[in-house]
Amino acid sequence: MQRLARFVFAGGIGFVADAAALWLLLAVTPLGPFGARILSIGFALCVTWQINRRLTFAPSSRGIAREGARYGGVGIATSVANYLVYCALLFAIPAIPPLAALAAASLAAMALSFLGYSRLVFDR
């Protein structure tokens, strides 16, 4: 349970990083909610990798390059699911704010992320 709580904490920080990057990109660039979200997901993925490897799971036995590649692979797979839910919400409910769609999509991808990271990246 402690590992799951730490994962939720790391995900919360990742969510704040994702939301802040999305808000900033929407405010200061010509990117729309779809392009900006791709960049904000990448930023959040980098933030959560560092938190998860230090706080949630501890570094793996694979070395940082292989661990990073595995984390990136799982992160990309779960980010695709996250992004698809985000896009579906924006298309289905045009009035929904992008940050609300981000929150719902992030919650939907959380369980998939935990399973992938704990089983495929950090040997736990």
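User: Why is glycine 32 called partly exposed?
Analyst: This is a predicted model, and in it glycine 32 has 32% relative accessibility. Buried means under 20%, and exposed means over 50%. Glycine 32 falls in between, so it counts as partly exposed. Its place is the loop between helix 1 and helix 2.

User: What makes valine 28 exposed or buried?
Analyst: Its relative accessibility is 60%. The cut-off for exposed is over 50%. Valine 28 therefore counts as exposed. This residue sits in helix 1.

User: Why is aspartate 18 called buried?
Analyst: Its relative accessible area is 5%. Buried means under 20%, so aspartate 18 qualifies.

User: What about arginine 37, buried or exposed?
Analyst: Arginine 37 has 0% relative accessibility. That is under the 20% cut-off, so arginine 37 counts as buried.

User: How do you know that arginine 37 and aspartate 18 meet in a salt bridge?
Analyst: Look at the N to O distance, which is 2.6 Å. A salt bridge needs a side-chain nitrogen of Lys or Arg within 4 Å of a carboxyl oxygen of Asp or Glu. The pair meets that cut-off, so it is a salt bridge. Side chains of opposite charge can pair when their charged atoms come close.

User: Which parts does the pair of arginine 37 and aspartate 18 tie together?
Analyst: Arginine 37 lies in helix 2, residues 33–56, and aspartate 18 lies in helix 1. The pair therefore ties together parts that are 19 residues apart in sequence.

User: How many salt bridges does a search of the whole structure find?
Analyst: It finds two. Arginine 53 and glutamate 67 form one of them, with their closest N and O atoms 2.5 Å apart. The cut-off is 4 Å, so this pair qualifies. Arginine 53 lies in helix 2 and glutamate 67 in helix 3, residues 64–92, so parts 14 residues apart in sequence are tied together. Both residues are buried.

User: How do helix 1 and helix 4 cross?
Analyst: Their axes come within 10 Å and cross at roughly 145°. The crossing is right-handed. Residues making the contact include Phe7, Phe15 and Leu22 of helix 1, and Leu102, Met110 and Phe114 of helix 4.

Technical notes. Residues are numbered from 1 along each chain as its sequence is written. This is a predicted model: local features need pLDDT of at least 70, side-chain atom pairs count only at pLDDT 80 or more; totals for chains, interfaces and linings use all residues. Side-chain values use heavy atoms; hydrogens and water are left out. Helices (H or I, at least four residues) and strands (E, at least two) are DSSP runs, numbered from the N terminus. Buried means under 20% relative accessible area, exposed over 50%, partly exposed in between (1.4 Å probe, protein chains only). Axes are lines fitted to C-alpha atoms, for helices over the stretch in contact, and angles run from 0 to 180 degrees between N-to-C directions. A crossing is left-handed if the near helix is turned anticlockwise from the far one by less than a right angle, and right-handed if clockwise. Contact means heavy atoms within 4.5 Å.
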